[in-house]
Amino acid sequence: MMRTHRCGDLRAEHAGENVTLCGWVDTRRDHGGVTFADLRDTAGLVQVVFNPDESMDAHAAAQGLRNEFCVRIEGEVRRRPAGTVNEKIPTGEVEVTASSVHVFSSADTPPFQVGEHQEVDENLRLKYRYLDLRRPSMQANLRLRHAIIGAIRRFFDAEGFVEIETPMLTRATPEGARDYLVPARLHPGAFYALPQSPQLFKQLFMVAGMDRYYQIVRCFRDEDLRADRQPDFTQLDLEMSFVEVEDVLDVTERMFKSVWADVLGVGLPDFPRIPYRESMERFGSDKPDLRFGMELIELSDTFAATEVRVFRSVLDAGGAVKAIVLPQGSELGRKDLDALVDEAKSLGAGGLVWASVTGEGLKSPLDKFFTGDERSGLVETTRAREGDLILIVADPRRSIVHKALGALRVRLAQRHDLIPRTERSDPDHWKFAWIVDFPWFEWNDEHEGWVPIHHPFTGVVEETLDHLDSDKEKVLSKSYDIVLNGWELASGSIRIHDGEMQSRMFDALGISRDEASEKFGFLLEAFRYGPPPHGGIAPGIDRIVALAAGEENIREVIAFPKTQSAYDPLTAAPAPVNDDQLKALHIKVVTPPKPAGGG
């Protein structure tokens, strides 16, 4: 080995030892003829002293060192003089007095400072990701990712699961997002698709009798990006035979508890189970953040006899009037309140009614229209205290009320610092929950009809089957999500394995037998040969690691991510290819016409 120790591993007990270190120059400083440098490697950094009284050659070589030079240092570990101990770093009690320096490679001035945390444009960070990954925080995130994946594998191995790889080049299947297509050179005009998930293959494993499968797998979806999404991402995929909902929930919850205990040293309590409709009614979201209150409050009874026009029309139409309470929000000025109204409108609401609770009573733009009973009822129902701000949304569509107030609930909690600041070692920092009893269909205004929420193999709760042909809104699915601190970590379901039931579901979805055969023929064919009852789930690794690391963006825990526009500044991908490559693939690129007016 070129080194005897790692920089960040040196401690006071190494004093007096001669060591050889390899790493990068983090900083260099000259002090009265003595030169100091911090040497950094994957374990951390240590201070190196170049003293001309100890070694003229080493001191002379140090004068040419610059940040990010890759070097080898030989020297003696010594305790730092009294008053110079650096308690901020693990190696702060010692320093290395250099006797020789060897430069492996020099470095240009980096585009940003590597060793210190600073605000750097994300595109610049991604363009020079190999430098960004030298930062201790980024290396810690990747090590955490490694530890979490290792703990996941150990858990499922102990549970009798078998890790099996599935194809990366497969057939396009409708899974809710656009596929990334790969032209097949040997089959002109035909295309492979990169998998959005191994869904159909893992169901085939169950038909094959593998019983318990899992995989840490790369998946691809051509969709608009957000902080918690990437075009290529990693998920934990698992499937089990001879199970019902409870079995999948049990093994998945135990996996998360095991990983959190092994990697983070945190003992998690049991995860609450919240029916989908309850989650929407209480939090306005199917991925609720349970770390704070501000739950949605039903006001339909409070205003049942109201003559306030905006509420009366909504209630007569069978809609909803609901509110959230912002603690001490009455301090907001009129400009801030007007901004909240505009924000609610941007979320689809027709408007927002606010009411402040003051020492003199209720203050609101609609105050003169409220009756005395409505004023007192509003305060009593919302349990608002003096100084609080009540925010009300009314709409004939209950879903709009939930969407607007659910989003405002989270945004206001973040702006007003209402989310408790707990340490990651505190079990209360982690608010896991299961969301269960999802509907199978949801209303779509654009299509003016009920559309499926899930893939067509999602099981149906038997007690709601009678509503499949008449009352689709009452049909419940055997699906479930797991959420953490407002992030969805996974979705899963028990699958349909009965051929007659599957045909009935295709009919309800308007999928003809020919269309079903074209899209899912190989799976339906397999289902003719004794498929077992089965189900599974697919937690997102990137989201799990981001939350465990305390990051707000999954790009911080992915080695080489894309930008929000699915572009890679490092490799400049996607990029055009030459005509010979296109010709070999029997593809012609058609340039979109320019907009009228030459813009």
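The model is a predicted one. Its chain has 599 residues, of which 47% count as buried. The secondary structure comes to 15 helices and 22 strands, and the C-alpha atoms fill a box of roughly 90 × 75 × 65 Å along the principal axes.

**Salt bridges: an overview**

- The count of salt bridges in this model comes to 50.
- If you want to find them yourself, look for a side-chain nitrogen of Lys or Arg within 4 Å of a carboxyl oxygen of Asp or Glu.

**E281 and R398: a link between two helices**

- The side chains of E281 and R398 meet in a salt bridge, with an N to O distance of 2.9 Å.
- E281 sits in helix α7 (residues 276-283) and R398 in helix α11 (residues 398-415), so this pair ties together parts that are 117 residues apart in sequence.
- E281 counts as partly exposed, at 27% relative accessibility.
- R398 is also in the partly exposed class, at 30% relative accessibility.

**E515 and K519: a link within one helix**

- Where do E515 and K519 lie, and how many residues apart are they? Both belong to helix α13 (residues 513-526), four residues apart, which means that about one helical turn separates them.
- E515 has a relative accessibility of 27% and counts as partly exposed.
- K519 is partly exposed too, with a relative accessible area of 28%.
- Elsewhere, salt bridges that share partners join R125, R129, D132, R135 and E556 into one network.

- R375 forms a salt bridge with D367, and their closest N and O atoms are 2.9 Å apart.
- R375 counts as partly exposed at 28% relative accessibility, and D367 does so at 21%.
- L366 lies in the loop between β15 (361-363) and α10 (372-382).
- Is L366 buried or exposed? L366 has a relative accessible area of 17%, so it falls under the 20% cut-off and counts as buried.
- L366 and M2 are 364 residues apart along the chain, and 77 Å separates their C-alpha atoms.

**The second largest pocket**

- Rolling a probe the size of a water molecule over the atoms shows where empty space is left.
- The second largest pocket has a volume of about 300 Å³.
- Which residues line this pocket? Among them are Y180, L181, V182, L194 and F220, along with P231 and D232.
- The lining also includes K562, A566, A573, P574 and A575.
- By type, the lining residues divide into ten nonpolar, no polar and two charged.

**A nonpolar patch on the surface**

- Y130, F560 and L570 form a nonpolar patch on the surface.
- Together these three residues have about 300 Å² of accessible area.
- Y130 is found in helix α3, which covers residues 129-132.
- With a relative accessible area of 46%, Y130 is partly exposed. That value lies between the 20% and 50% cut-offs, so the residue is placed in the middle class.

Conventions: Residues are numbered from 1 along each chain as its sequence is written. This is a predicted model: local features need pLDDT of at least 70, side-chain atom pairs count only at pLDDT 80 or more; totals for chains, interfaces and linings use all residues. Side-chain values use heavy atoms; hydrogens and water are left out. Patches are made of residues with over 30% relative accessible area and no salt bridge: like charges are joined within 9 Å, nonpolar side chains (Val, Leu, Ile, Met, Phe, Trp, Tyr) within 5 Å. Accessible areas come from the Shrake-Rupley method with a 1.4 Å probe; for residues, only the protein chains shown count as cover. Buried means under 20% relative accessible area, exposed over 50%, partly exposed in between (1.4 Å probe, protein chains only). On a 1 Å grid over the protein atoms alone, a cavity is a set of points where a 1.4 Å probe fits but cannot get out, and a pocket is an open set with protein on both sides within 12 Å along at least five of seven lines; lining residues have an atom within 4 Å of a point. Grid points are joined across faces, edges and corners, and a volume is the space filled by probe spheres set on the points. Ala, Val, Leu, Ile, Met, Phe, Trp, Tyr, Cys and Pro count as nonpolar, Asp, Glu, Lys and Arg as charged, and the others, Gly among them, as polar.
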